[in-house]
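Please look over the sequence and the structure shown here before reading on. The briefing is arranged by topic, so that each point can be checked against the coordinates.

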Amino acid sequence: MRPLLRLLALSALLLAAALQPARAERVEVVASFSILADLVAQVGGERVSVRALVGPDQDAHGFQPRPSDARLVGAATLVVANGLGFDNWVERLARSAGSRAPLVLAAQGIEALHAEEAHDHGHGHGHHDHGDLDPHAWQDVRNVVIYVRNITDALAAADPAGTQDYRANAERYTAELHALDAEIRAALATLPAERRKVVSSHDAFAYFDRAYGVRFLPARGVASTAEPSAQGIARLIRQVRAEKVPAVFLENVVDRRLVERIRAEGGARLGGTLYSDALSAAGGPAPTYVAMMRHNLATLLAGLAAD
Ligand SMILES: [Zn+2]
């Protein structure tokens, strides 16, 4: 073959290779926080590579995106956020990054609680307008079944060739979620009703409260960054004493000092650390959503058990 022809043939081969997606190429997904990233990984399996913008043990409330986050979002095929006002910054980030990737809100279709609905002991007034939604819907496992359905539909739309895989993974994982939901219900039913009340660092457990019948008295409002008033704290301490609340729990994403003060002055015990808005790192006790819910359940059971 003459050199020029050989060069042309080689160019054609290279062009064909460039147009053909590599077999191992994965769908790039960016999720706003670690819990969503795990759900995407459960459904996406081998076909998907997922990154969380707010990582393990980090607080998504008041998160300040970095330029590297904009680059990640700009390069993603699909962006997954919670919605319900938890991570509004994702939409702004996607716009500023010039992203044309679809943005799916995982909580779409759940029955949302209002921020002030479950608790009326007046913490952090002025930080939330009435009518704000409580974003922590993942604390009810049945809501996460809906999250998984939304994520599955979005992945199938972004990568139609993977539809069967996504549906099969979602079916397996949803069965696991139903079993987890039943496990939490059965375990908590063994506690007497008067011991099923606790203090948490921020108002992240209203959905857990509604689903599983443990009353959470939060030291801070729905946004962990909002500081409670002195009156609000004093009222909570009086309530802990009057109702003999057995235990007070720390959270992986919130400062511990306020809760320790309420524990000491309210005369309750320190029940351990709950994972509210973020997973633990891989080696920790809550590296996946299912592990997180099991850890929280075991921590609640131990902290609320009779002396
Ligand atoms: Zn929160």
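What follows describes the metal site, the sheets, the helices and some backbone details.

The model is predicted. In it, a zinc ion is held by His 61, His 136, His 202 and Asp 277, and the 4 donor atoms are arranged in a tetrahedral way. There is an open sheet of 4 strands in the order β2-β1-β3-β4, and another open sheet of 4 strands in the order β6-β5-β7-β8.

**Zinc site**

- The protein donors of the zinc ion are the NE2 atoms of His 61, His 136 and His 202 together with an OD atom of Asp 277, and they lie 1.9 to 2.1 Å from the ion.
- The angles subtended by the 4 donor atoms around the zinc ion run from 95 to 117 degrees, and the arrangement is therefore tetrahedral, given that four donors count as such if all angles lie between 85 and 135 degrees.
- For reference, the ideal angle for four tetrahedral donors is 109.5 degrees.
- Along the sequence, the donor residues follow the spacing H-x74-H-x65-H-x74-D.
- His 61 and His 202 are both buried.

**Sheet β2-β1-β3-β4**

- The strands of this open sheet pair in parallel, and β2 and β4 (103-105) stand at its edges with a single partner strand each, so one side of each has no neighbour in the sheet.
- On average, neighbouring strands of this sheet are turned by 25 degrees against each other, direction ignored.
- The parallel pairing of β1 with β2 extends over 6 bridges, and Phe 33 stands opposite Val 54 in β2.
- Helix α4 packs on this sheet and touches β1, β2, β3 and β4, while its direction makes about 115 degrees with that of β2.

**Sheet β6-β5-β7-β8**

- Pairing is parallel in this open sheet also, where β6 (215-220) and β8 (269-274) are the edge strands, each having a single partner strand, so one side of each is left without a neighbour in the sheet.
- Strands β5 (residues 197-202) and β7 (residues 247-251) pair in the parallel sense over 2 bridges, and the bridge partners in β7 are Val 248 for Val 199 and Ala 247 for Val 198.
- Helix α9 (residues 257-266) packs on the sheet with contacts to β5, β6, β7 and β8, and its direction makes about 175 degrees with that of β7.
- Helix α10 also packs on the sheet, touching β5, β6, β7 and β8, and its direction makes about 180 degrees with that of β8.
- Strands β7 and β8 run parallel and are joined by 5 bridges, with Thr 273 in β8 as the bridge partner of Leu 250.
- Together, β7, α9 and β8 make a right-handed β-α-β unit.

- Helix α2 (residues 34-44) is mostly covered, with 9 of its 11 residues buried, among them Ile 35, Leu 36, Leu 39, Val 40 and Val 43.
- The cover over the buried residues of α2 includes β1 (27-33), β2, β3, α5 (141-158), α6 (163-188) and α10.
- Thr 299 lies in helix α10 (residues 289-304), and Thr 299 counts as buried because its relative accessible area is 11%, where the cut-off is under 20%.
- Leaving aside residues up to four places away in sequence, Thr 299 touches Phe 249, Gly 271, Gly 272, Thr 273 and Leu 274.

**Positive phi values**

- Most residues other than glycine have a negative phi.
- Asp 57, in the loop between β2 (48-54) and α3 (67-75), has a positive phi near 60 degrees, and Asp 57 counts as partly exposed because its relative accessibility is 37%.
- Leu 84, in the loop between β3 (78-81) and α4 (89-96), has a positive phi of about 60 degrees.
- Gly 45, which follows α2, has a positive phi near 55 degrees.

Definitions and conventions:
Residues are numbered from 1 along each chain as its sequence is written. This is a predicted model: local features need pLDDT of at least 70, side-chain atom pairs count only at pLDDT 80 or more; totals for chains, interfaces and linings use all residues. Side-chain values use heavy atoms; hydrogens and water are left out. Buried means under 20% relative accessible area, exposed over 50%, partly exposed in between (1.4 Å probe, protein chains only). Contact means heavy atoms within 4.5 Å. Two strands pair if DSSP finds at least two bridges between them. Axes are lines fitted to C-alpha atoms, for helices over the stretch in contact, and angles run from 0 to 180 degrees between N-to-C directions. Donors are N, O and S atoms within 2.8 Å of the metal (3.2 Å for Na, K and Ca); water is not among the atoms, so sites may look incomplete. Four donors count as tetrahedral if all angles lie between 85 and 135 degrees; four count as square planar and six as octahedral if opposite donors are over 155 degrees apart and all others between 65 and 115; anything else is irregular. A crossover is right-handed if, with the strands pointing away from the viewer, the path from the first strand over the helix to the second runs clockwise.
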